Protein chains: 2
Amino acid sequence: MAGEFDLIDRIRARIVARDDVVLGIGDDAALLQPPAGMQLVVAMDTLNAGIHFPHDTVPADIGWKALAVNLSDLAAMGATPAWCTLSLSLPEPDVAWVDAFLDGFDALARQHAVALVGGDTTRGPLSVCVTVFGFVSPDRALRRDGSRVGDDVWVSGTPGDAAAALAQWSSGRARDPALRARLDRPTPRVALGLRLSGFANAAIDISDGLLADLAHVCRASAVCAEIDIDALPVSDALRAAASEPDTRRTLQASGGDDYELCFTAPVSRRAAIAAAALDAGVSVSRIGRLVEGQGVVATAGGALWAPVRAGWDHFAG
Amino acid sequence: MAGEFDLIDRIRARIVARDDVVLGIGDDAALLQPPAGMQLVVAMDTLNAGIHFPHDTVPADIGWKALAVNLSDLAAMGATPAWCTLSLSLPEPDVAWVDAFLDGFDALARQHAVALVGGDTTRGPLSVCVTVFGFVSPDRALRRDGSRVGDDVWVSGTPGDAAAALAQWSSGRARDPALRARLDRPTPRVALGLRLSGFANAAIDISDGLLADLAHVCRASAVCAEIDIDALPVSDALRAAASEPDTRRTLQASGGDDYELCFTAPVSRRAAIAAAALDAGVSVSRIGRLVEGQGVVATAGGALWAPVRAGWDHFAG
């Protein structure tokens, strides 16, 4: 049976090296050197077993997703990721579990050159808490409160895939591997966020559902969004899994866990956004406009779409 | 029944204001302005119910302690605290519980002007994860690897009190309020750490037990510590609770959760350390010296003290 210090050694052996980490894991705290003139961007999210991921999720996917949901928050700010801390609560100090968890965590950390600099491992119900740190130039952060009337509303990728996978899981149906991959291994849109920084007016990541998250932007910016659910691109896997249009629309409009970006930008920036998306290797779709008013008004098939949920509530799940 | 956003509003209403928080709770991530020329100091610790605190601990004490154990890590680095993030997992969105939790958390945050800048609230077994951020001038951090042969070994406060409270709790005995306060409301030695920064050679906070934590310093610095357990000051409450000398010595030498500082400094610095402690309002005691070699050699009553435990292992508890 391994102990806490064995686990810490296993974690330490995997870490991405960065010159700005003065002192990493192994002291009371990490010592880090932020770049001069930049703002620090910090996000923290916890994944609890049975709440944020099914109990039968493989550890590598939990490791990937725990970092991905946090990097997605940095992406939504237009920030460059740099460091993270990890707190891992485990019922038992299972070395094989931790190694597999680290396989997923580390694969994503390396993609973004994120150094794990601290945290703890402890006993408790399975839970993963990650804090991520990135940088952004002053006045270039993609805040929620920067949207303007007249802006286009954009979405990256094909929203609804993760929610479809979750629905398949909840109902005990056979799980489509492509959808499951989108639920278990979401791609944080860091490259896109970086390229939008400075000319998109606002951004948010879609963790709670498109309508709910866009509503946050509208509230913060005091604008109203008019969007067309049918302007959302539909993945082949989603089309196969949800042939009934309203079911599919519900998954796309209100399903969480996609970690795509929803952002708004002036009409004059359409060509620049297309270029940014091409450069970042992700598709983007224009789904509506911002107008005077408040809230989100959604249409589908030419009719008003059902009322917007107030937001995904982790206590109502 | 409250939801996640009600809880976030309650949390937001309590926050300490700081000029260096560009954007706090309410966006995808916080935007922070680190001071020019300083290093960022980051620590993260989780408290799980039933593991790190008894299930019947009152919420205000949990809130205090969750921040205190993290500030203690900054203290052990000689850092000035600035910001924190909080991830709170709760079985139910109990507003009264959260308010009481915040009473304790906020009381300590205000003492140290720490602004809560982000995090999340979610459903799960009761667990509190905090990340703290502070600053230190380059080359002034109190690392574990800076000890030198010939250094004095010092300890702040009266170690053993928290362990005595925990022993009373475990055995179902009546709990001494003074000891219980030391377990539930530890005082992070931030003021002392700041004053030692730059002239103590190394420091660590005593979370796992004096011998175990001092052993970490010795390992990192490649030195051996010779200490006298009987040089540790004994609080009146501990003397009353543990009249048998070896019981008391065990609590003082190996009991965790005190969050006092153990530090080493050149003999030439004794007067400066006495002045720093007076200034910080905490007692300090010289308990030994560093010599060539490795490990910790402890004596008590003139005889060699029992072998040192390898370290408090959160999975062996």
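This is a short tour of a predicted model, going from the whole assembly to single residues.

Begin with both chains in view. Chain A is superposed on chain B by a rotation of 180° with 0.0 Å of shift along its axis, at an RMSD of 0.0 Å, and the two copies are thus related as by a two-fold rotation axis. If you then select the interface residues of chain A, 100% of them are also interface residues in chain B, so the copies meet through the same surface.

Next, select the strands of an open sheet that draws on both chains, in which 6 strands follow the order E5(A)-E4(A)-E6(A)-E3(A)-E2(B)-E1(B) with mixed pairing. At its edges stand strand E5 (115-123) of chain A and strand E1 (21-23) of chain B, each with a single partner strand, so one side of each is left without a neighbour in the sheet. On average, and ignoring direction, neighbouring strands here are turned by 20° against each other.

Stay with strand E4 (residues 80-90) of chain A, which runs parallel to E5(A) and is joined to that strand by 8 bridges; within this pair, A:Thr85 stands opposite A:Gly118.

Finally, select A:Gly119, A:Asp120, A:Arg144 and A:Ser207, which an unreviewed UniProt entry annotates as "binding site". These positions are spread over 89 residues of sequence and are also spread in space, up to 31.9 Å between C-alpha atoms. A:Gly119 lies in strand E5 of chain A and is partly exposed, with a relative accessible area of 38%; not counting residues up to four places away in sequence, A:Gly119 touches A:Thr85, A:Leu86 and, from the other chain, B:Met44. A:Ser207 is found in the loop between strand E8 (202-205) and helix H7 (210-221) of chain A, where, leaving aside neighbours within four places in sequence, A:Ser207 is in contact with A:Asp213, A:Gly256, A:Asp257 and A:Tyr259.

Key: Residues numbered from 1 in each chain as written. Chains lettered and ligands numbered in written order. Predicted model: local features only at pLDDT ≥ 70, side-chain atom pairs only at ≥ 80, totals over all residues. Heavy atoms only, no water. Pairing = 2+ DSSP bridges. Helix = DSSP H or I, 4+ residues; strand = E, 2+ residues; numbered from the N terminus. Axes fitted to C-alpha atoms, helices over the stretch in contact; angles between N-to-C directions. Least-squares fit on C-alpha atoms with pLDDT ≥ 70 in both. Contact = heavy atoms within 4.5 Å. UniProt positions renumbered as here; feature names shortened; annotations may be inferred. Buried < 20%, exposed > 50% of the residue type's maximum accessible area, 1.4 Å probe, protein only.
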